[in-house]
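Biologist: I'd like to learn how to read the packing and the surface of a model like this. Could you walk me through it?

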Amino acid sequence: MADTKLIDLAIEASQHAYVPYSHFPVGAALVTKDGHVFQGCNVENASFGLTNCAERTAIFKAVSEGYRDFADLVIYGETDKPISPCGACRQVMSEFFNQDLPVTLVAKDKSTVVMTVRELLPYSFTDLT
Ligand code: THU
């Protein structure tokens with residue numbers, strides 16, 4: 001399981017969420033193997049489909065800064081049970097993460113479930129070329 005510091009960083013990230021439509025803040029903390037942490041929050045739009053989820057924000061921040069060697073991802077939502085990431089985010093995780101990378105899902109009471117990328121998206125679509 002991710003350490004409590006990483007969970008706290010995901011919770012902190014959720015405080016920056018831009019959620020005027022859903023009022024559902026989500027935060028993520030993504031750590032690289034060399035210890036860099038990228039935080040992300042969900043960023044919504046009046047055109048709902050343009051919304052970017054918290055975990056994709058964190059992944060895109062890291063990739064755009066040249067980091068692709070990931071160790072751990074924590075996702076926090078104000079849910080009763082540990083948050084379940086959407087299908088789009090599972091596909092993006094599958095693109096950039098080792099399939100055995102642990103993803104820690106955190107509920108509002110800080111209870112957690114850890115699942116690998118493979119468990120989150122079995123039989124995922126991969127590059128056909
Ligand atoms: N959301 C995330 O940011 N991550 C998830 O894992 C689940 C959903 C966001 C998208 C939208 O801003 C809000 O939560 C409600 O769907």
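This is a predicted model: local features need pLDDT of at least 70, side-chain atom pairs count only at pLDDT 80 or more; totals for chains, interfaces and linings use all residues.

Biologist: Which residues touch the most other members of the largest nonpolar core?

Modeller: Leu30, Leu73, Ile75, Met93, Phe97 and Val103 do, in a core of 21 residues. Strands 1, 3 and 4 and helices 2, 3 and 4 each give two or more residues to this core. Helix 2 supplies the largest share, with four residues.

Biologist: And what does Val103 touch, leaving out residues up to four places away in sequence?

Modeller: Its partners are Leu73, Ile75, Met93, Val113, Val114, Met115, Val117 and Leu120. There's also a second, separate core of 11 residues, with Ala10, Ile11, Ala29 and Tyr76 among them.

Biologist: On to strands. In what sense do strand 1 and strand 2 pair, parallel or antiparallel?

Modeller: First the general idea: side chains in a regular strand alternate between the two faces of the sheet. Here, strand 1 and strand 2 are antiparallel, with five bridges. One of the bridge pairs is Gly27 with Cys41 of strand 2. The two strands make a hairpin with four residues between them, and Gly35 in the turn has a positive phi of about 90°.

Biologist: Now the surface. Why does Phe48 count as exposed?

Modeller: Exposed means over 50% relative accessible area. Phe48 counts as exposed because its relative accessibility is 58%. Phe48 lies in the loop between strand 2 and helix 2. Together with Tyr18, Tyr21 and Val43, Phe48 makes a nonpolar surface patch of about 420 Å².

Notes: Residues are numbered from 1 along each chain as its sequence is written. Side-chain values use heavy atoms; hydrogens and water are left out. A nonpolar core is a set of buried Ala, Val, Leu, Ile, Met, Phe, Trp, Tyr and Cys residues joined through side-chain atoms within 4.5 Å. Buried means under 20% relative accessible area, exposed over 50%, partly exposed in between (1.4 Å probe, protein chains only). Contact means heavy atoms within 4.5 Å. Two strands pair if DSSP finds at least two bridges between them. Patches are made of residues with over 30% relative accessible area and no salt bridge: like charges are joined within 9 Å, nonpolar side chains (Val, Leu, Ile, Met, Phe, Trp, Tyr) within 5 Å. Accessible areas come from the Shrake-Rupley method with a 1.4 Å probe; for residues, only the protein chains shown count as cover. A salt bridge is a side-chain nitrogen of Lys or Arg within 4 Å of a carboxyl oxygen of Asp or Glu.
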